[in-house]
Amino acid sequence: MPITKRFVPLLLLFICCCQFAFSQNKFTISGIVTDSGTGETLIGASVKLTGSTTIGAGTNAYGFYSLSATEGIYELSISFIGYKTVKQSITISRNVRQNFVLSEDNQLNEVVISAEKKNDNVSSPQMGLQRINIREINNVPVLLGERDVLKTLQLLPGIKSAGEGNSGFYVRGGSTDQNLILLDEAPVYNASHLLGFFSTFNSDAIKDVSVYKGGMPAQYGGRLASVLDIKMNDGNRKDYTAEGGIGLISSRLKVEGPIVKDKGSFMISARRTYLDAFLALSPDSSINGNTLYFYDVNAKANYQLNEKNTLYLSGYFGRDKLGISEAFGFNWGNATFTLRWNHLYSDRLFSNTSLIYSNYNYVIQNFMEDNDFQVNSSIKDFNLKQDFEYSLSSSHSLKFGVNAIHHTIAPGKLTASESSSVNATTYENRKGLELAAYLSDEWAVNEKMNLAYGLRLSGFSLLGPGNFKTYDADGNTTSTTSYKAGEVVENYFNLEPRISASYQLTPSSSLKIAYTRNIQNIHLMSNSTSTSPTDLYIMNSNNVKPEIADQIAAGYFRNFSDNNYEFSAELYYKWMQNQIEYRSGTDLRGNGNVEADLLFGDGRAYGIELFLKKRFGKFNGWIGYTWSRTQRQFDAINDGKWFYAKQDRTHDLSLVGIYKAGSRWTFSSVFVYNTGNAVTYPSGKYQINGRTAFYYTEKNGYRTPAYHRLDLSATLEGKPGRKLQSSWSFGIYNVYNRHNAFSIDFKDNPDDVSTTQVVRTTLFGIIPSVTWNFKF
Amino acid sequence: MKKRDILGVLGVLAVLFVLAGCEKVINLKLDNAAPQLVIYGGLSDKVENHLIMVSKTYDFTDPNRFNSVSGAKVIVRNEEGTTMEYVEVSKGVYQSPKFRGQSGKKYTLDVTYEGKIYTASSTMPVKVPLDSLTFKDFSFFGEKNTYVAANYNDPKDIQNQYRYILTVKGKIEEDAVSEDRFDDGNKAANVIFYDLNDLVRGDTIEVEFQCIDRNVYKYFYSLGQNSGAGGPPVAPANPPSNFNNKALGVFNAYSTSKKTVVIK
């Protein structure tokens with residue numbers, strides 16, 4: 001892309017700008033902002049110094065802030081949506097270390113999506129970022145009463161559901177595997193339970209959710225379309241508390257408390273579904289012997305060693321189990337562990353070191369006589385990250401760091417008993433190393449203009465041992481080369497420039513522009529129309545090149561009525577290179593030569609996203625609308641012509657309304673409408689061996705019928721002031737029982753085989769739900 | 001590995017039905033594409049009259065039929081250049097003189113129609129005989145289903161592909177393929193997933209067992225994927241044909257064996 005070439009020198013110039021010397025006496029004020037009730041650190045709280053000039057910063061992912069200012073008297077204000085603002089006068093004549101405690105403001109009824117401070121959405125150079133306030137998420141109605149971060153995200157413009165009840169999502173024309181999903185910095189490879197109906201994120205355990213649709217800061221990398229950064233709760237540092245819920249299909253329990261009061265805390269949160277409990281009630285042995293459930297556990301502990309050092313240990317473990325008695329077993333799940341060390345080198349230099357382990361695996365067991373077998377497959381990451389935040393001056397704050405991830409992909413190990421007709425086979429493991437270094441600067445150029453720019457250097461090495469094949473255009477093997485352990489098979493290096501700027505037109509409106517390049521070195525192979533736990537991950541290789549996306553975006557942001565209403569319009573255009581599709585008839589199961597079946601091409605996506613939100617008051621909510629196009633071009637597909645990608649949706653509308661009636665009842669509703677998916681339907685038929693076959697012409701040339709649905713929910717809070725606080729949530733999913741198409745199939749009419757018919761399968765009609773939540 | 005997937009899909013379907021899935025026949029406006037030539041047929045290792053069917057695609061809403069194409073010139077040649085002309089015996093059906101194909105030989109078909117030549121080649125694989133048919137029962141969520149399994153000995157260290165054509169009471173009910181990627185060199189009992197629950201005494205079922213080449217396997221595998229066989233639904237596409245010039249269909253040189261069972 002020529003656009004990159006032009007940006008690189010520009011970027012170097014900006015980096016040089018940071019090197020200027022400081023003439024005045026600069027002091028630093030720094031500290032940690034926490035919640036008064038729980039001691040939880042607050043992420044993204046706004047800290048502002050007002051004197052002769054105004055200097056501001058937000059707390060980072062660990063609640064830490066650092067501001068540089070010249071000697072003088074200032075007014076210091078610390079604010080966070082949902083909390084009472086703290087204001088105090090402060091004289092700065094030396095470096096100050098000051099922590100703040102904010103208390104919840106129950107008068108404010110901020111809705112789910114919050115900007116950090118009241119007009120931060122306008123003044124920050126960050127574009128394409130949306131955050132979810134977990135404390136309020138239970139007001140949005142969801143399928144079967146299971147509140148779900150990923151499904152609430154799908155109600156925002158530019159983020160689209162991958163299907164009915166599916167926790168997979170598409171961001172600005174990206175596919176589901178182009179989202180980087182981080183749970184306490186650990187990548188989560190399969191973010192769904194029960195084949196997509198539930199996400200792996202138990203909202204009890206989550207503190208903060210940020211999603212970047214574009215303009216990703218340079219510290220993030222590795223996926224093309226988005227970054228979903230999820231932070232778990234640290235645990236209550238003041239008191240022991242327990243909370244939970246009992247729902248139609250699952251129950252949850254969370255326990256948290258101090259390890260040493262005000263020094264350290266722990267949190268353990270777990271849930272399990274019990275759909276299989278209903279199966280067990282059946283007297284029929286072929287039904288009650290079946291299993292079908294998932295569970296997950298989030299756990300975290302932290303301990304502050306001293307003012308300068310804090311340790312965090314967090315983990316996630318989740319598993320789905322599906323089994324048909326004595327015939328078949330299938331289970332899959334993620335495990336992640338993160339050990340982090342926060343260290344303050346000085347009041348200005350904050351450091352975090354993370355050691356991360358992430359594992360996704362699945363096991364399939366077939367117990368049938370004569371051909372029993374078991375398949376094990378896994379992807380395992382070891383990840384070391386070193387991040388620094390440096391408050392360079394009152395107008396510059398730097399972030400820089402390095403990251404190394406070692407991937408091991410075990411595509412499949414097939415084992416079988418002696419008497420089985422299946423042969424034991426092990427497919428070669430693949431190892432790869434991703435290295436990255438980044439530097440970025442957020443620069444308050446003047447009162448009106450903010451600039452965030454950075455550069456990420458990313459490298460990928462595919463490592464031996466193994467036999468690596470190269471293929472010609474038709475997928476035939478042309479050569480095979482053997483590599484020893486640790487030998488480099490292929491190297492790729494990429495520069496990823498990131499820049500975004502905001503210009504404040506008035507105190508309540510701004511214009512923003514951004515350019516972002518993203519690289520993806522690990523790719524999910526799925527030729528099915530929905531994601532499956534057995535989808536295969538592959539890495540860059542001698543055949544597969546890194547995926548590249550260049551995105552430009554421009555936006556207008558405006559707040560009305562004392563920041564009560566928030567409006568934004570964002571335009572984006574994205575070019576994508578080295579996108580991956582398959583030859584028709586590709587079999588991904590136990591396929592040691594999957595790269596032979598891949599096709600490579602380009603993609604483009606563009607659209608406009610409109611968002612209007614009422615942020616406070618008894619009635620609040622938002623309207624999100626997206627118009628977009630997503631297309632792909634492959635020489636070997638659709639005669640080389642551009643075709644709509646399956647994630648293309650022309651119109652996508654979400655309406656969310658929440659009404660607080662009195663002190664105990666909250667009513668809410670969600671309406672969604674979107675154009676149907678781009679799909680391939682037959683445009684004719686013929687016969688093969690006397691059986692009907694269908695003739696397809698244009699790839700994805702048809703649309704499924706439009707999708708729309710209305711959900712309602714009501715929450716009744718228990719009487720306040722009791723030791724045991726409880727609430728009831730009632731919900732109705734798909735109120736007017738719309739028969740949305742989950743799939744459309746074409747087949748011979750079973751009653752009259754001389755004709756063919758079109759059959760629509762609907763997954764969910766109207767579904768009521770009820771959940772009881774408690775806390776003590 | 002086919003069994004695994006079918007079981008997996010059944011398991012998933014069961015989940016979906018628990019969650020109140022429902023099916024309905026609907027009307028959908030589909031385009032009527034310009035008719036495209038379809039060639040299907042081949043030759044076997046038996047001394048017989050081999051058939052090639054030439055037809056055209058037609059509109060989705062039309063009644064199902066064999067939309068025959070007459071007046072095509074159909075010629076098969078072997079590696080030595082010997083040619084065999086197929087004669088049109090009924091509309092769109094072209095028949096060879098009696099001969100048998102030989103294992104390991106490559107055959108090439110030329111169909112000339114309206115001045116265009118459509119060519120495909122297929123190599124007849126080494127024959128693996130079908131030993132026997134056995135019945136197997138499986139229970140899924142309270143329902144017991146009976147299936148037939150094809151038993152054979154897969155030869156070791158050779159890549160084999162098989163096709164199973166199940167005829168129940170005179171009607172072709174299943175046309176499926178498998179390969180020996182997971183059971184090379186073993187005694188195989190491959191279940192054909194068409195349930196035979198409603199059979200009564202006297203009903204006959206027949207399984208034709210073909211050994212097919214790799215491209216023919218890929219064609220039928222892909223054809224099966226379009227209708228949801230072998231795993232979760234994929235984005236449908238025309239199966240990769242071994243014909244050039246965009247003809248649909250497949251030319252198949254195969255070895256064949258057959259077993260018939262009468263229900264007692």
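In chain A, four strands form an open sheet in the order β3-β2-β5-β6, with antiparallel pairing; strands here are DSSP runs of E of at least two residues, helices are runs of H or I of at least four, and both are numbered from the N terminus. Two strands count as paired if DSSP finds at least two bridges between them. The edges of the sheet are β3 and β6 (86-92) of chain A, each of which pairs on one side only. From one strand to the next the twist averages 20°, with axes taken as lines fitted to C-alpha atoms and angles running from 0 to 180 degrees between N-to-C directions. Within the sheet, β2 (residues 46-50) and β5 (residues 72-79) of chain A pair in the antiparallel sense over 5 bridges, and A:Thr50 stands opposite A:Glu75 in β5(A).

The model is predicted: local features need pLDDT of at least 70, and side-chain atom pairs count only at pLDDT 80 or more, whereas totals for chains, interfaces and linings use all residues. Residues are numbered from 1 along each chain as its sequence is written, and chains are lettered from A and ligands numbered from 1 in the order in which they are written.

The domain assignment of chain A gives domain 1 (2-102) and domain 2 (230-775); such bounds come from an automatic or database domain assignment. The C-alpha centres of domain 1 and domain 2 of chain A lie 32 Å apart. Their contact takes 30 residues from domain 1 of chain A and 31 residues from domain 2 of chain A, where two residues are in contact if their C-beta atoms, placed from the backbone, lie within 7 Å. On the domain 1 side, α1 (2-17), β1 (26-35), β3 (54-58) and β4 (64-70) of chain A each supply at least two residues, and α1(A) gives the most, with 7 residues. That side divides into 16 nonpolar, 11 polar and 3 charged residues; Ala, Val, Leu, Ile, Met, Phe, Trp, Tyr, Cys and Pro count as nonpolar, Asp, Glu, Lys and Arg as charged, and the others, Gly among them, as polar.

Between the chains, 68 residues of chain A are in contact with 68 residues of chain B. Elements giving two or more residues to the chain A side include β22 (309-324), β23 (328-344) and β24 (349-366) of chain A, while the largest share, 10 residues, comes from β50(A). The side of chain A that touches chain B comprises 27 nonpolar, 31 polar and 10 charged residues. Strand pairing also crosses this boundary: β50(A) and β1 (residues 22-26) of chain B pair in the antiparallel sense over 5 bridges, and the bridge partner of A:Thr761 in β1(B) is B:Glu23.

Chain B has 2 helices and 15 strands. Buried residues make up 40% of its 264 residues, a residue being buried if 20 or more other C-beta atoms lie within 10 Å of its own, exposed if 12 or fewer, and partly exposed in between, with C-beta atoms placed from the backbone.

The nonpolar cores are sets of buried Ala, Val, Leu, Ile, Met, Phe, Trp, Tyr and Cys residues joined through C-beta atoms within 7 Å. In the largest, of 161 residues, B:Ile39, B:Tyr164 and B:Ile192 touch the most other members. Helix α2 (residues 214-226) of chain B gives the largest share of this core, 6 residues. A second, separate core of 25 residues includes A:Ile29, A:Ala61, A:Ile81 and A:Leu102.
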